[in-house]
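Hi there,

Here is the structure I promised to pass on. Have a look at it first, and then read on for what turned up in it.

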Amino acid sequence: MREKITEIADKAKDSKYVPNKGSLFRAGVSAIPVVGGALDHLIFDKSDEIRTRNIEATITALEEKYSHLEQSTINLDWFSTGEAVNLFKELISLIEYEDSQEKVKAISNLYAISSMYQFTDDNQKAWVMRKVSELSDEQRKLFAIVAAMQPEKREFSSRGLKSSETAIWNDSVFQYLSDQFDADNSFRFWGDDFNSDTQLELLTASGLLLRHQSIFAKNAGYNVSVFGKIVLSYLKMVS
C-alpha cells in the first residue's frame, strides 16, 4: 500500500505552489513596511517547514488508516485512475498549511476511505473532503454526534392551537453532551468558549443541518440535510 501512496505522491508532486525564494514577489513582501520581515519568514521559510511537517503527517495517517482497513475493501485499481491523483492533490492543498494536526489526520483518512469499493464510484469525494476541511475539529465532532441522534417528536400548544414537531432539539444535544461528559471527562472535545447553540447554527449555515421551522416550539430544532447525510457516510468511517 505504501508503494501505491508513494506512486500517487510522485504524480502529484507539482501541487506545491509556494513562491520561489528568489522571486520578485519575495522582494516585494520584504519591502512591506513594519511587517515585511515577519511576512517574509512566514511565507518563504516557515511555510516550507509547516508544509513538510503536514505532508509527513498525512503519509503517516494514511499508512495507519490503511493498516486498519480490510484489504478486501480497498479498490487497488482506483489508484491507477486520474481521480486518485487529483484527489491526492486536493488532499495536499487542504492540509499543507493546516494548523490542526487532528484535522490533517481526519482529512487524510477521508482519502483512504475514498479508495474503498464502497466509495470509489461516488462523485462527491472531493466535495466531502473540502466540506470537512471547512469545519473546525469541534464542529466536525459535534456534527457526527448530532447527525447520529434520533429526531424526537414533541407536542406544542399555544392559545388552544396544537402542533406535533419532530426534530433534533438543541436542548437534547446540550443534555447529551453534558451527560456524556459527566460519565467520562475524557469525552470533552470542546474549548472553554464552545457554545453548542452557536455551533449548531454554524453547521446549519454550512448546509449540513437544516433548521426545523416551527411556530410553537421554544427550542431550536434541526434535521440532517441531504448534504449532511453524504458527509456523515464518510465521517462514520474516519475514526
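A word on terms before the tour: helices (H or I, at least four residues) and strands (E, at least two) are DSSP runs, numbered from the N terminus. By that definition Asn 170 lies in helix H8, residues 170-183. Please keep in mind that this is a predicted model, in which local features need pLDDT of at least 70 and side-chain atom pairs count only at pLDDT 80 or more, while totals for chains, interfaces and linings use all residues. Residues are numbered from 1 along each chain as its sequence is written, and side-chain values use heavy atoms, with hydrogens and water left out.

**The chain as a whole**

The chain has 10 helices and four strands. Starting at the N terminus, their order is α-α-α-α-α-α-α-β-β-α-α-β-β-α. Of the 239 residues, 44% are buried, where buried means under 20% relative accessible area, exposed means over 50%, and partly exposed is in between (1.4 Å probe, protein chains only). I use contact for heavy atoms within 4.5 Å. When contacts between residues at least 6 apart in sequence are taken, 68% of them join residues at least 24 apart.

Why does Val 146 count as buried? Its relative accessible area is 0%. Beyond residues up to four places away in sequence, Val 146 touches Ile 168, Val 173, Leu 200 and Leu 209. Asn 170 is 24 residues from Val 146 in sequence, and their C-alpha atoms are 9.4 Å apart.

Asn 170 is buried too, because its relative accessibility is 11%. With neighbours within four places left aside, Asn 170 is in contact with Asp 197, Leu 200, Asn 219, Ala 220 and Tyr 222.

Asp 137 is also in H7. This residue counts as buried because its relative accessible area is 17%. Its side chain makes a polar contact of 2.5 Å with the side chain of Ser 100. A polar contact here is a pair of N or O atoms within 3.5 Å; within protein, one must be able to donate a hydrogen and the other to accept it, and residues adjacent in sequence count only if both atoms are side-chain atoms. The side chains of Asp 137 and Arg 140 are joined by another polar contact, at 2.8 Å. Apart from residues up to four places away in sequence, Asp 137 touches Ser 100, Glu 102 and Lys 103.

**The largest pocket**

The largest pocket has a volume of about 490 Å³. Of the 18 residues lining this pocket, Arg 140, Lys 141, Leu 235, Val 238 and Ser 239 are the closest to its centre. (On a 1 Å grid over the protein atoms alone, a pocket is an open set of points where a 1.4 Å probe fits, with protein on both sides within 12 Å along at least five of seven lines; lining residues have an atom within 4 Å of a point. Grid points are joined across faces, edges and corners, and the volume is the space filled by probe spheres set on the points.)

Which helix gives the most to the lining of the largest pocket? That is H7, with five residues. Helix H3 (36-68), helix H5 (101-114), H7 and helix H10 (226-235) each supply at least two lining residues.

In H10, the buried residues are Gly 228, Val 231, Leu 232, Tyr 234 and Leu 235. Seen down the helix axis, they fall within an arc of 160°, so they line one face of H10; the arc is that of the directions from the helix axis to the C-beta atoms. The face turned away from the buried side carries the exposed residues Val 226 and Lys 229. Among the elements that cover the buried residues of H10 are H5, helix H6 (125-134), H7 and E4.

Strand E4, residues 221-224, holds Asn 223. Asn 223 is partly exposed, because its relative accessible area is 26%. His 212 is 11 residues from Asn 223 along the chain, with 6.5 Å between their C-alpha atoms. Leaving out neighbours within four places, the contacts of Asn 223 include Pro 151, Thr 166, Leu 208 and His 212.

Best wishes
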